[in-house]
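Open the model in your viewer and keep the selection panel at hand. The tour below goes stop by stop.

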Protein chains: 4
Amino acid sequence: MRFEARGHLIDAGILGKALDAVTAAGGSYEVAHFDIGRHTDEPSRVVLDVSAASPRTMRTIEDNLGALGFSTPVESDVETKAVRKDGVAPDGFYSTTNLPTRVRVDGRWRDVKTQRMDAVIVVGDGAPACVKLRDLRRGQRVVLGHRGVAVTPDTHEREASDFAFMSSDVSSERRSEMQAKLLAERWRATKRDGKKVVVVAGPVVVHSGQADAFAGLVRRGWVDALLAGNALAVHDVEAATLGTSLGVSQDTGQPVVHGHMNHMRAINLVRGAGGLKGAVRKGLLKRGLMHAVVESGVPYCLAGSIRDDGPLPDTEMDLVAAQERYTKLLRGAGLVVVLGTMLHGIGVGNMLPASVTLVCVDINPAVASKLADRGSSHTLPIVTDAGLFVASLAKELSGKARRG
Amino acid sequence: MRFEARGHLIDAGILGKALDAVTAAGGSYEVAHFDIGRHTDEPSRVVLDVSAASPRTMRTIEDNLGALGFSTPVESDVETKAVRKDGVAPDGFYSTTNLPTRVRVDGRWRDVKTQRMDAVIVVGDGAPACVKLRDLRRGQRVVLGHRGVAVTPDTHEREASDFAFMSSDVSSERRSEMQAKLLAERWRATKRDGKKVVVVAGPVVVHSGQADAFAGLVRRGWVDALLAGNALAVHDVEAATLGTSLGVSQDTGQPVVHGHMNHMRAINLVRGAGGLKGAVRKGLLKRGLMHAVVESGVPYCLAGSIRDDGPLPDTEMDLVAAQERYTKLLRGAGLVVVLGTMLHGIGVGNMLPASVTLVCVDINPAVASKLADRGSSHTLPIVTDAGLFVASLAKELSGKARRG
Amino acid sequence: MRFEARGHLIDAGILGKALDAVTAAGGSYEVAHFDIGRHTDEPSRVVLDVSAASPRTMRTIEDNLGALGFSTPVESDVETKAVRKDGVAPDGFYSTTNLPTRVRVDGRWRDVKTQRMDAVIVVGDGAPACVKLRDLRRGQRVVLGHRGVAVTPDTHEREASDFAFMSSDVSSERRSEMQAKLLAERWRATKRDGKKVVVVAGPVVVHSGQADAFAGLVRRGWVDALLAGNALAVHDVEAATLGTSLGVSQDTGQPVVHGHMNHMRAINLVRGAGGLKGAVRKGLLKRGLMHAVVESGVPYCLAGSIRDDGPLPDTEMDLVAAQERYTKLLRGAGLVVVLGTMLHGIGVGNMLPASVTLVCVDINPAVASKLADRGSSHTLPIVTDAGLFVASLAKELSGKARRG
Amino acid sequence: MRFEARGHLIDAGILGKALDAVTAAGGSYEVAHFDIGRHTDEPSRVVLDVSAASPRTMRTIEDNLGALGFSTPVESDVETKAVRKDGVAPDGFYSTTNLPTRVRVDGRWRDVKTQRMDAVIVVGDGAPACVKLRDLRRGQRVVLGHRGVAVTPDTHEREASDFAFMSSDVSSERRSEMQAKLLAERWRATKRDGKKVVVVAGPVVVHSGQADAFAGLVRRGWVDALLAGNALAVHDVEAATLGTSLGVSQDTGQPVVHGHMNHMRAINLVRGAGGLKGAVRKGLLKRGLMHAVVESGVPYCLAGSIRDDGPLPDTEMDLVAAQERYTKLLRGAGLVVVLGTMLHGIGVGNMLPASVTLVCVDINPAVASKLADRGSSHTLPIVTDAGLFVASLAKELSGKARRG
């Protein structure tokens, strides 16, 4: 069978992967044509003739090459099958990546909307779109296999330029100050482009004493949405009202006797006020990060977890709803910055198309690795003390910008 | 004011903490009486006369000494106040620890039921009990401050004997084989005592190829309840039906091309069957950990998280319900073993009284530290490869025991 | 047998440890007398009557209580035995801790000089002194067993006051900015007291771009000695002369093509000049940390290791000589700050008496744990990005001080 | 200028890197010819015409392409310059990688002997060879720049087949049992090929209670040389003679009172016997790893470090001598297994040509990353508990083999 691809096949390593994929599946190839781009910006074009001992092997190869952006010269439409039970896909469904994808329907290639990982593609009256398993409804037509599916290979790396160095490895022996500077530049560029910057933050931002620095960023319009868990808000309110976080004094760094009570008092205060907005309105919450978020009207979602105390009335304990809200707030994002939270970082990584840059700041190199492992291929890990990094970042961004 | 305490004041370090607590709060003390136990098992008794410059300081000292198990010779009942709004405690509420606690009501000391951290104490017609903020109902009477509250000091360490070494530090340079052996002994002893052993497991148990070893423990009756997240079950079903976990072959350890699709297919399979029990009943799921859990009738709860794909129909995405179910399954536990999951481990730690031993097995020393930091004082950390540890543990327990 | 101790027996936990030591060894005790200090600053006094089934058990108990600062009312001199072979101690030698120690010779208690861990005590014409095994010479008299040896219990913790919080746990979720501030205060206090501050630094200080910040501290007289390995100096010279560290550009953070050659060129440059001083004198090395060290006349020692390239002529590849030089430079130190190097940090920890505060800054919590495990009991771990921490520290110390 | 390369240019990613290198340096290219291998095993061939604005840029490009295995069709000999001072290379010297390298001398391409990283190439009467800076002698001719130097690109990855999965990422969520099995297979294959297997071990092997398991491998001829530090041998002797390692009982896992003395007694015992061989001969050392090593006649080197106590007479404290000995023992190795020691692992990594497989077993993912970072490109990291891994490995290798 003859396959063809076109694009930056060499520098993105696609051709190598393709040849590997053929032989790994048990097939063999001949290179029928190969036109390499003669200059930097010219695309290459390759035509492969592939042989396989069985139709099953050939089907595997076809799937694999399809995922790399190869197509068969004799193009065919996608196969589809109707959903028979709400929330369940037909057998053999195609499961999406986070790369830009097109499907061929009625002889025409169409872009898939709301691209994300681990979804199925539904085609029908409107544009083809990614749909989560649980959102499937009886009668919708779901794409099967790889036929008629074209994935745009990932050439992102080439474009990342000076920002790319962060992805070269996961190491703490890097110049964190420079990384803060480069991230600030990317942040400004994203705002200039009219895209959103979404921050996903863990409680370390508060424990490390950087809630006010972060609040400053919020007040100056740098943050378009805040995604977090219950703990970030709880400890921020605890720090703002009682001067401790998890019972440790923000002034002296010393544990306060019975300090573990403080976060419960903070929770109770917000519960009594009916939520964070109520607490701000009633003058019970006068400073800190969540105060800034509420006052600045920055949209936020606090997603619940099994370890949550309370929770705050603002915390969404129904995770289906929380995922919907996260997804909605991420729409239009050009840059997502994860500060010290593996849980919410992975959650967000699952929801994003590959075109969104995801920066993950964590003191634990395993966290960054884990995000990258899960296929969030554009995760740029920064292994450093998240608290000190927020301080550096706030300094870089301060006084220089406004909301996009 | 005169305070008195009785018990293992020296070897559990309580007397030292008490003297510190007085001076740290700005008070001073004289030791009025001190009778030290003359033999190993005799309790000591101390009477302190404490002075403080202000009533506020004295109140702080009173609170602090109360938490350490001291009482004023002139005993008084707890102060209480009624809940005025569902889910919100009155100001000044007492927030619980996980240590055994008694409250004095109507001149009588009574044990607090369902002891756990971060709850309030409700007194009324029945026995005093720990209640979570969100479960408070209008009209319930909540204990304020520390007056009339007596916490039994934590003397657990003394009793732990040979098992205690695990708590000495958080280090990977320990003899994991011996730790597996000691844990197995403790496991057997717990079953002999008629108490439950509850396992809290992360997906590393499956990724590391130990699902079958763990399933064997389940089948032989060693596990009384399984608490986990969506991912454990998803990857177990993926491994049982497609031979991969997160797309990595269980046989060769190599990533399978398009293997990321497999966990979605596993999810879809279970969704189609209406849940894990359905999948077992219909013969779609024939092996692995969840198969063993279903067949053995071991109760389980899969608590949702923001990063979950699918989820499985069995996964509880309403976290209030999930916390209730976790709490219920933990009732009667004497030993809880956490395998490679910080998230669910902390969740469980919050729910347990201090008398339950919590063993946390993780390759990352920071995870064990974090559990201990949160006041789960009886967490025994084992820093090792969770997969290899399960294999060792299964070998230790195999052939030697049955459900208690 | 009757034992007696006096001091802060309660708040330093010594009495509890003593009672444990007796029962752990198989003995039993009665408390004959116990006078507790009635006020904060009064010492306590305890007399124990200990029974044991065998002389061997009693000897073990005697040893154990001796190490905790207990003495038998009938005091006896140390037993000694002469060295028969250079570098080899007689059987049964007493091996030292890093705590202040006295020995009874000719009926008189005398302080042991140059206290350090893992040495033997030699008594003779001069004052008793710690001597390393390899430095023993034929004929020297070495202390055997614990008889006549009194160790001053470790009550350091009580005194550490506000600085102590760092030792409470090994966690990255701390306010690193505050820790930098507190360390700066301690640093200033040490200089005011006329004691030395010695810095032990790994190459991360250079890789993270903080060589100039650190050089500023050196130039302003904050550093009394620098202990490091070959790599710190190599990468500092590489950065100062070629603008890269380990081949990564200090300006852009990007790896330079063939950049791995640069550290070899840096080594060759220094070799050609006969050493760092020569390189400075010849004008080949004009900036950076080692330039500051040389120009400021700060004494330094670069200790070799098996992984060293080159090495620089300044690097001491004879480790016996390197250990001697380290020990000499540490004499008179009141504060030792370890920045990102486990190897040299442990080396230094072994050489110090317990009275010297050892602060260990590392992004890896296991490093700090490891130092503490080895008995460097006054190690205060700071888990953070060493580069950003140096920047914070330099800011705290800048403009405010001069060499003591 | 016209450049040409031949080989597996696509699947090893070399062509992509080459095009990047040209544009990164500021040049531009046209692809004059490109013949892609039509089948899996056919080499490709490419000819590039490169333009650059300045001779300096062109020189950089020439260097870069040279390192990737490109040559100019008009070949030239290497440039050389004589050493003028012992131990110092002439300016502009070529610094080696660990990849197979050829140099063109007198019109003939010749292989460079004793390939290793960070050396210079000396040409003269004999074959061209890698020489360390410190071993250079006045008058030797050293290669300058990249002209006439051809590096064979790294195509190792392709060949690694099933063993390769280990290198795919640094993660602890892998099936360690399978990794032990695959390593055992590679180990057997290496012996069958008549190559040496060298083990580099840290003290964790003893602390984790696996000294006997490891000793069994030694006795059965699986280990051709042992490279380690002082601590491995000290704690092994401590365990063999006193039953503790670092004062922790091997039987109970509990710290022994005054147990820190034990390692000093172990050191003294060996010092008294004049070394490990003496201790074995005199019957003082009757079991454990070092006993097995001595009895089996396996060559070993214990390299000193700044943190060493004692040291043992066997420990080489002169690191120049230790590096020579390490290098010598590594000659002929086909597989090097590093168990729980970053220090010695990096030391060994620096000494090896790229053709030797280096497996690094460590519980800390940062250790494996660090080895890979330093250009030890064939490092296969296994993130697991080194102790449990040795147990698995010993089981895999036991009863199935003998020395090759």
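Two strands count as paired if DSSP finds at least two bridges between them. Keep that cut-off in mind for the first stop. One caution before you start: this is a predicted model.

**Stop 1: a strand with two partners, chain A**

Select strand β7 of chain A, residues 120-123. Which strands does β7(A) pair with in the antiparallel sense? One is β8(A), residues 129-131, over three bridges. Another is β9(A), residues 141-144, where the antiparallel pairing runs over two bridges. Two bridges meet the cut-off of at least two, so β7(A) and β9(A) count as a pair.

Now pick Val122(A). Its bridge partner in β8(A) is Ala129(A). In β9(A), Val122(A) stands opposite Val142(A). Follow the chain from β7(A) to β8(A): the two form a hairpin, with five residues between them.

Show the side chains of β7(A). Val120(A) and Val122(A) point one way, Ile121(A) and Val123(A) the other way. Are these four buried or exposed? All are buried.

**Stop 2: chain A as a whole**

Zoom out to chain A. Its secondary structure comes to 14 helices and 19 strands. Of the 404 residues in chain A, 59% are buried. Turn to the contacts in chain A with a separation of 6 or more: residues 24 or more positions apart account for 65% of them.

**Stop 3: where chain A meets chain B**

Next, superpose chain A on chain B. A rotation of 180° with 0.0 Å of shift along its axis does it, at an RMSD of 0.1 Å. That is the relation of a two-fold axis. The same surface serves both copies, as 100% of the contact residues of chain A recur in chain B. To find the axis, centre on Asp318(A). Of the residues of chain A, Asp318(A) comes closest to the rotation axis, with its C-alpha at 2.2 Å.

**Stop 4: two packed helices, chain C**

Move to chain C and select α6 (residues 211-219) and α14 (residues 386-397). At what angle do they pack? The angle is about 35°, and the axes are 9 Å apart. α6(C) passes α14(C) in a left-handed crossing.

Display the contact residues:
- From α6(C): Ala213(C), Phe214(C), Gly216(C) and Leu217(C).
- From α14(C): Val390(C), Ala391(C), Ala394(C) and Leu397(C).

By class, this contact of α6(C) with α14(C) has seven nonpolar residues, one polar and no charged ones.

**Stop 5: an enclosed helix, chain C**

Stay in chain C and select α12, residues 342-351. Nine of its 10 residues are buried, so α12(C) is largely enclosed by the rest of the structure. The buried residues of α12(C) include Met342(C), His344(C), Asn350(C) and Met351(C). Glycines are also among them: Gly345(C), Gly347(C) and Gly349(C).

**Stop 6: an arginine on a strand, chain C**

Select Arg110(C), in strand β6 (residues 108-111) of chain C. Arg110(C) has 15 other C-beta atoms within 10 Å and is partly exposed. Leaving out residues up to four places away in sequence, Arg110(C) touches Arg102(C), Val103(C), Val105(C), Ala127(C) and Pro128(C). Arg110(C) and Arg271(C) are 161 residues apart in sequence and 49 Å apart in space, C-alpha to C-alpha.

**Stop 7: a three-stranded sheet, chain D**

Finish in chain D. Three strands form an open sheet there, in the order β6-β5-β10, with antiparallel pairing. Which strands lie at the edges? They are β6(D) (108-111) and β10(D) (149-151), each pairing on one side only. On average, neighbouring strands of this sheet are turned by 30° against each other, direction ignored.

Val103(D) stands opposite Val149(D) in β10(D).

Methods. Residues numbered from 1 in each chain as written. Chains lettered and ligands numbered in written order. Predicted model: local features only at pLDDT ≥ 70, side-chain atom pairs only at ≥ 80, totals over all residues. Buried ≥ 20, exposed ≤ 12 C-beta atoms within 10 Å, placed from the backbone. Contact = placed C-beta atoms within 7 Å. Least-squares fit on C-alpha atoms with pLDDT ≥ 70 in both. Axes fitted to C-alpha atoms, helices over the stretch in contact; angles between N-to-C directions. Left-handed = near helix turned anticlockwise from the far one by under 90°. Nonpolar A, V, L, I, M, F, W, Y, C, P; charged D, E, K, R; others polar.
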